[in-house]
Amino acid sequence: MSQDLTQKWLAEIQALKQQMVELQKQRDQAWESSQKWRQLYNTESEQRRIDAKTHQQAIASLKAEMQQLQGINFENINDSDAVLSPPEFPPTSSSEELQAHLVAVTQERDRLIQALKQEQENHEQTRNNLTTALGDAIDSLTKLKARNQ
């Protein structure tokens, strides 16, 4: 009878050891998964920052071009106080050419602003998705750790 009891205890200990090994594997897998998600999040956010910077540079370039065409310094104008005088252009440029160029520059600026807004929305959505996934991975690790203790 004592031997049966000892065998049962040894079997129980062995089962618990096996369960502990499995839980440790699951914990390690969850940790690796969270690390991959963190890396993906960092990569995505860096790409979004680069894209935003590129778009901001393009907008600044277009503003400078418009400034040159219109003879207006945007940096020194307060929108509420702005009184614009007609820009001065060389007599060699026709009014139609200048208007066409201004329309093209304005359309490009609007397109870039829209692209920047879309990038910002995409970044926000990606950040939310990755944050949620990272939170889920951390919750899983916390639950796993709690079960192990």
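A: Asp-28 has a relative accessibility of 36% and therefore counts as partly exposed, since buried means under 20% relative accessible area, exposed over 50%, and partly exposed in between (1.4 Å probe, protein chains only). The model is a predicted one, in which local features need pLDDT of at least 70 and side-chain atom pairs count only at pLDDT 80 or more, while totals for chains, interfaces and linings use all residues. Residues are numbered from 1 along each chain as its sequence is written, and side-chain values use heavy atoms, with hydrogens and water left out.

Q: Why does the salt bridge between Arg-48 and Glu-119 tie together parts that are 71 residues apart in sequence?
A: The two side chains meet at 2.6 Å, N to O. Arg-48 belongs to helix 1 and Glu-119 to helix 2, so the pair links parts that are 71 residues apart in sequence. Helices (H or I, at least four residues) and strands (E, at least two) are DSSP runs, numbered from the N terminus. Both Arg-48 and Glu-119 are buried.

Q: What separates Glu-124 and Arg-127 within helix 2?
A: They are three residues apart, which means a separation of about one helical turn. Their side chains form a salt bridge at 2.9 Å, N to O. Glu-124 has a relative accessible area of 35% and is therefore partly exposed; Arg-127, at 30%, is also partly exposed. Elsewhere, salt bridges that share partners join Glu-44, Arg-48 and Glu-119 into one network.

Q: Why is Gln-47 called partly exposed?
A: Its relative accessibility is 40%, so Gln-47 counts as partly exposed. Gln-47 lies in helix 1 (residues 2-70).

Q: How do you know that Gln-47 makes a polar contact with Asp-51?
A: A polar contact is a pair of N or O atoms within 3.5 Å; within protein, one must be able to donate a hydrogen and the other to accept it, and residues adjacent in sequence count only if both atoms are side-chain atoms. The side chains of Gln-47 and Asp-51 make such a contact at 2.8 Å.

Q: Which residues form the largest nonpolar core?
A: Its eight residues are Ala-52, Ile-59, Leu-62, Met-66, Leu-69, Val-105, Leu-112 and Leu-116. A nonpolar core is a set of buried Ala, Val, Leu, Ile, Met, Phe, Trp, Tyr and Cys residues joined through side-chain atoms within 4.5 Å.

Q: How many helices and strands does the protein have?
A: Its secondary structure comes to two helices and zero strands. Buried residues make up 17% of the 149 residues.

Q: What is the mean pLDDT of the protein?
A: The mean is 81, and 85% of the residues reach 70 or more; pLDDT is the predictor's confidence in each residue, from 0 to 100. Over residues 73-87 the pLDDT is below 50. Where pLDDT is low, the predicted coordinates should not be read in detail.

How values were computed
Salt bridge = Lys/Arg side-chain N within 4 Å of Asp/Glu carboxyl O. Contact = heavy atoms within 4.5 Å.
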